[in-house]
Amino acid sequence: MNRDTLGGVTPQASPNRTTLTWLIPITLLVAVCAMVGGLIARQVYAVTKSPTASHAPATSESASPTATRPADPRSVFFLTFAQNDPLFGRVRDAIQNYFNATNNQDYNLWRKTMTPKVAQQQTQQDWLGGLRSTKDSDMTVYRIEATDKGADVFGSFTSKQDLSDAPDDLQATCINWWMVWPMEDLGSGSFRIGSPSVIKKKCD
């Protein structure tokens, strides 16, 4: 199954993770990669850089303790910056369901988590076939940005899979992924996830 979604296919909506990036103009692909990588790198730097004495945090929010990664590896880790966002609760529920669906191979949960447009793109048989060996870990959310429809969520994770289930353009059993998940409020109060933008590389 392919997590490349720039062609309108979601991470859990493309059999065998074959790449679709050849459908996208190279300039758009470069722009998306720069956007995702730059914003994530900037956010990581912002929340990890120690303040100097002359620039000490002035508010209780900025001085809040650093978030600790959950003991359960199946739980999504949110940096403090993301936890302090007003949309944190709805984002947390949606993104945790997203990874629970993958790791538990729960197609019904996946359909409830994605937007209807995305959910109808793949049958249960194809979806399960693309995830037969996939396990996601180290799920991290760096930043949440409000949008007109809901939120853009910046994060990363690691997937491990059999070589036969790896993307055609990145044959590896361990892959690091950087994502921007667009989330929408469709009127129920909960967020649904649309088609993410993706950068990926083989694990070091």
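This is a short talk on one predicted protein model, going from its overall layout to a few of its contacts.

Some ground rules come before the details. The model is predicted, so local features need pLDDT of at least 70 and side-chain atom pairs count only at pLDDT 80 or more, while totals for chains, interfaces and linings use all residues. Residues are numbered from 1 along each chain as its sequence is written, and side-chain values use heavy atoms, with hydrogens and water left out.

Let me start with the layout. The protein chain has six helices and six strands. Helices here are DSSP runs of H or I with at least four residues, strands are runs of E with at least two, and both are numbered from the N terminus. Read from that end, the order is α-β-α-α-α-α-α-β-β-β-β-β.

How much of the chain is buried? Of its 204 residues, 45% count as buried. Buried means under 20% relative accessible area, exposed means over 50%, and partly exposed is in between, using a 1.4 Å probe and protein chains only. Contacts, meaning heavy atoms within 4.5 Å, can also be sorted by distance along the sequence. Among those between residues at least 6 apart, 57% join residues at least 24 apart.

Next, the core. In soluble globular proteins, nonpolar side chains tend to be buried together. A nonpolar core is defined here as a set of buried Ala, Val, Leu, Ile, Met, Phe, Trp, Tyr and Cys residues joined through side-chain atoms within 4.5 Å. The largest one in this model has 34 residues, and Val91, Ile95, Trp181 and Met183 have the most contacts inside it. At least two residues of this core come from each of α3, α4 (107-113), β2 (135-146), β3 (150-160), β4 and β5 (191-193). Helix α3 gives the most, with seven residues.

Take Val91 as one case. Leaving aside residues up to four places away in sequence, Val91 touches Phe78, Ile144, Ala151, Val153, Met183 and Phe191.

Helix α3, residues 88-104, also holds Thr102. At 0% relative accessibility, Thr102 is buried. What lies 3.3 Å from a polar atom of the Thr102 side chain? The backbone oxygen of Tyr98 does.

Rings of Phe, Tyr and Trp (for Trp, the six-membered ring) pair if their centres lie within 6.5 Å; planes under 30 degrees apart count as stacked, over 60 as edge-to-face, and the rest as tilted. The structure holds ten aromatic pairs. In one of them, the rings of Phe157 and Trp177 have centres 6.0 Å apart and planes at 10 degrees, so the pair is stacked. Phe157 sits in strand β3 and Trp177 in strand β4, 20 residues apart, so this pair links distant parts of the chain. Both Phe157 and Trp177 are buried. Ring pairs also join Phe157 and Trp177 with Tyr98, Phe99 and Trp181 in a cluster.

Now the charged side chains. A salt bridge is a side-chain nitrogen of Lys or Arg within 4 Å of a carboxyl oxygen of Asp or Glu. How many does a search of the whole structure find? It finds seven salt bridges. I will go through some of them.

Asp185 pairs with Arg90, with the closest N and O atoms 2.8 Å apart. Asp185 lies in strand β4 and Arg90 in helix α3, so this bridge ties together parts that are 95 residues apart in sequence. Asp185 is partly exposed at 32%, and Arg90 is partly exposed at 30%.

Arg143 forms a salt bridge with Glu145, where the closest N and O atoms are 2.7 Å apart. Arg143 is partly exposed, at 23%, and Glu145 is partly exposed too, at 25%.

Lys201 and Asp204 meet in another bridge, 2.9 Å from N to O. Here Lys201 is partly exposed at 32%, whereas Asp204 is exposed at 90%.

Last, the cysteines. A disulfide is a covalent bond between the sulfur atoms of two cysteines. The cut-off used here is a pair of cysteine sulfur atoms within 2.5 Å. The search of the whole structure finds one disulfide. Which residues does the disulfide join? The answer is Cys174 and Cys203, at 2.0 Å from S to S. Cys174 is in strand β4 (residues 174-185) and Cys203 in the segment after β6 (197-202), 29 residues apart. The angle about the S-S bond is -75 degrees, and the link is left-handed. Cys174 is buried at 19%, and Cys203 is buried at 18%.

Note on methods. A polar contact is a pair of N or O atoms within 3.5 Å; within protein, one must be able to donate a hydrogen and the other to accept it, and residues adjacent in sequence count only if both atoms are side-chain atoms.
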